[in-house]
Amino acid sequence: MKVNDKGIYIDGIDKKILRALMEDARTPILEIARNVGISGAAIHQRLKKLEKSGLLAGSKFIINPKVLGYTTMAFVGVYLDKAVSNPEAVKQLQRVPEVIECHYTTGDWSIFIKILSKDNEHLMHLLNTQIQGIKGVSRTETFISLQQQISRQIKI
């Protein structure tokens, strides 16, 4: 399977390795090696090749925000006065720890953000005091997530 125009290819063994690690990044390399039928050293070499290609963006532990008390997830469309406000608005949004994603978009909004908050009151406080206070933000449109139904990576 060709991954990009730079000539990076992944074969069936690479796919098996990636699928195992996507399911559980803590799976021991030797366990993957046994399941795939190659040596642990070969697994390491293939992972280095995949990292160098840019296909792997790293590995991380995923924290359950609900355990920390963050029970409200919201998506907010941010309207800006002018497109030139985008970079400055993003800098200001980076300073709000509850903003966990930020995207430039097409359509009505200039920016679309994902926010985790402790509850609706906390969300309202963030919107009123931090998000809408950013220079260039004319207004926001908020959608509260009732329950996430799908969470996955792209299929390999």
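Is Asp 14 buried or exposed, and what relative accessibility does Asp 14 have? In this predicted model, Asp 14 counts as buried, because its relative accessibility comes out at 0%, and buried means under 20%.

Asp 14 sits in helix α1, while Lys 49 sits in helix α3. The two side chains meet in a salt bridge, with 2.9 Å from N to O. The pair therefore ties together parts of the chain that are 35 residues apart in sequence. Side chains of opposite charge can pair when their charged atoms come close.

Arg 46 pairs up too: it forms a salt bridge with Asp 11, and the closest N and O atoms are 2.9 Å apart. Asp 11 is partly exposed, with a relative accessible area of 34%.

Now for the helices themselves. Helix α1 (residues 12-23) and helix α3 (residues 40-53) pack at about 85°, and their axes are 11 Å apart. So α1 ends up roughly perpendicular to α3. On the α1 side, the contact is made by Ile 13, Asp 14, Ile 17, Leu 18 and Leu 21; on the α3 side, by Ile 43, Arg 46, Leu 47, Lys 49 and Leu 50. Sorted by type, these residues are seven nonpolar and three charged, with no polar ones.

Elsewhere, the largest nonpolar core has 18 residues, and Val 78, Leu 93, Val 99, Ile 111, Ile 113, Ile 115 and Ile 131 have the most contacts inside it. At least two residues of this core come from each of β1 (72-80), α4 (86-94), β3 (111-117) and α5 (120-131). Another core, of seven residues, lies apart from it and includes Ile 17, Leu 21, Ala 33 and Val 36.

Leaving out residues up to four places away in sequence, Val 99 touches Leu 93, Ile 113, Lys 114, Ile 115 and Ile 131. Lys 114 is buried, at 15% relative accessible area, and forms a salt bridge with Glu 101, the closest N and O atoms being 3.7 Å apart. This bridge runs from Glu 101 in strand β2 (residues 99-104) to Lys 114 in strand β3, 13 residues apart. Glu 101 is partly exposed, at 34%. In total, the structure holds five salt bridges.

Note on methods:
Residues are numbered from 1 along each chain as its sequence is written. This is a predicted model: local features need pLDDT of at least 70, side-chain atom pairs count only at pLDDT 80 or more; totals for chains, interfaces and linings use all residues. Side-chain values use heavy atoms; hydrogens and water are left out. A nonpolar core is a set of buried Ala, Val, Leu, Ile, Met, Phe, Trp, Tyr and Cys residues joined through side-chain atoms within 4.5 Å. Buried means under 20% relative accessible area, exposed over 50%, partly exposed in between (1.4 Å probe, protein chains only). Helices (H or I, at least four residues) and strands (E, at least two) are DSSP runs, numbered from the N terminus. Contact means heavy atoms within 4.5 Å. Axes are lines fitted to C-alpha atoms, for helices over the stretch in contact, and angles run from 0 to 180 degrees between N-to-C directions. Angles under 35 degrees count as roughly parallel, over 145 as roughly antiparallel, 65 to 115 as roughly perpendicular and the rest as oblique. Ala, Val, Leu, Ile, Met, Phe, Trp, Tyr, Cys and Pro count as nonpolar, Asp, Glu, Lys and Arg as charged, and the others, Gly among them, as polar. A salt bridge is a side-chain nitrogen of Lys or Arg within 4 Å of a carboxyl oxygen of Asp or Glu.
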